[in-house]
Amino acid sequence: RRGALTIAVSTEGECPAFASVLREELGAQFGEEYAEVVRILGALRRQWIAQGWGGERIRQAIQDLYRSGIVDAVRNKDRLPDLD
């Protein structure tokens with residue numbers, strides 16, 4: 001769990017030890033910066049909805065932000081560009 005982001009792993013009882021290993025790996029991969037990224041993207045989403053953006057446009061904008069390195073920017077405490 002990173003803020004509002006929850007990633008779950010289950011083996012439905014087949015191999016709890018393997019699920020535990022995967023949870024540790026995911027926990028290392030998805031650091032605390034993801035909580036801030038979710039907060040930022042959620043605020044942007046609400047803003048875009050208020051501006052009348054459609055779902056596909058919002059999805060594309062979020063995908064573009066993610067692929068352009070928003071996680072690294074938050075992790076490094078870089079100044080984010082204007083996101084309007």
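## A tour of salt bridges and a nonpolar core

Begin by selecting R2 and E32, whose side chains meet in a salt bridge with a nitrogen-to-oxygen distance of 3.6 Å; a salt bridge here is a side-chain nitrogen of Lys or Arg within 4 Å of a carboxyl oxygen of Asp or Glu. Because R2 lies in the segment before helix 1 (16–29) and E32 in the loop between helix 1 and helix 2 (33–50), the pair ties together parts that are 30 residues apart in sequence. Helices are DSSP runs of H or I with at least four residues, numbered from the N terminus.

The model in your viewer is predicted, so local features need pLDDT of at least 70 and side-chain atom pairs count only at pLDDT 80 or more, while totals for chains, interfaces and linings use all residues. Residues are numbered from 1 along each chain as its sequence is written, and side-chain values use heavy atoms, with hydrogens and water left out.

Is R2 buried or exposed? R2 counts as buried at 17% relative accessibility, whereas E32, at 56%, counts as exposed; buried means under 20% relative accessible area, exposed over 50%, and partly exposed in between, using a 1.4 Å probe and protein chains only.

Next, select E33 and R75, whose side chains form a salt bridge at 2.8 Å, N to O. This pair links distant parts of the chain, since E33 is in helix 2 and R75 in helix 4 (residues 70–75), 42 residues apart. E33 is buried, with a relative accessible area of 16%, and R75 is partly exposed at 38%.

Through salt bridges that share partners, E33, D72 and R75 are joined into one network.

Finally, turn to the largest nonpolar core, where, of its 14 residues, V37, L41, L44, W48 and I70 touch the most other members; such a core is a set of buried Ala, Val, Leu, Ile, Met, Phe, Trp, Tyr and Cys residues joined through side-chain atoms within 4.5 Å. Helix 2, helix 3 (55–67) and helix 4 each supply at least two residues of this core, and the largest share, six residues, comes from helix 2. Select L41 to see that L41 touches I62, L65 and I70, not counting residues up to four places away in sequence, where contact means heavy atoms within 4.5 Å.
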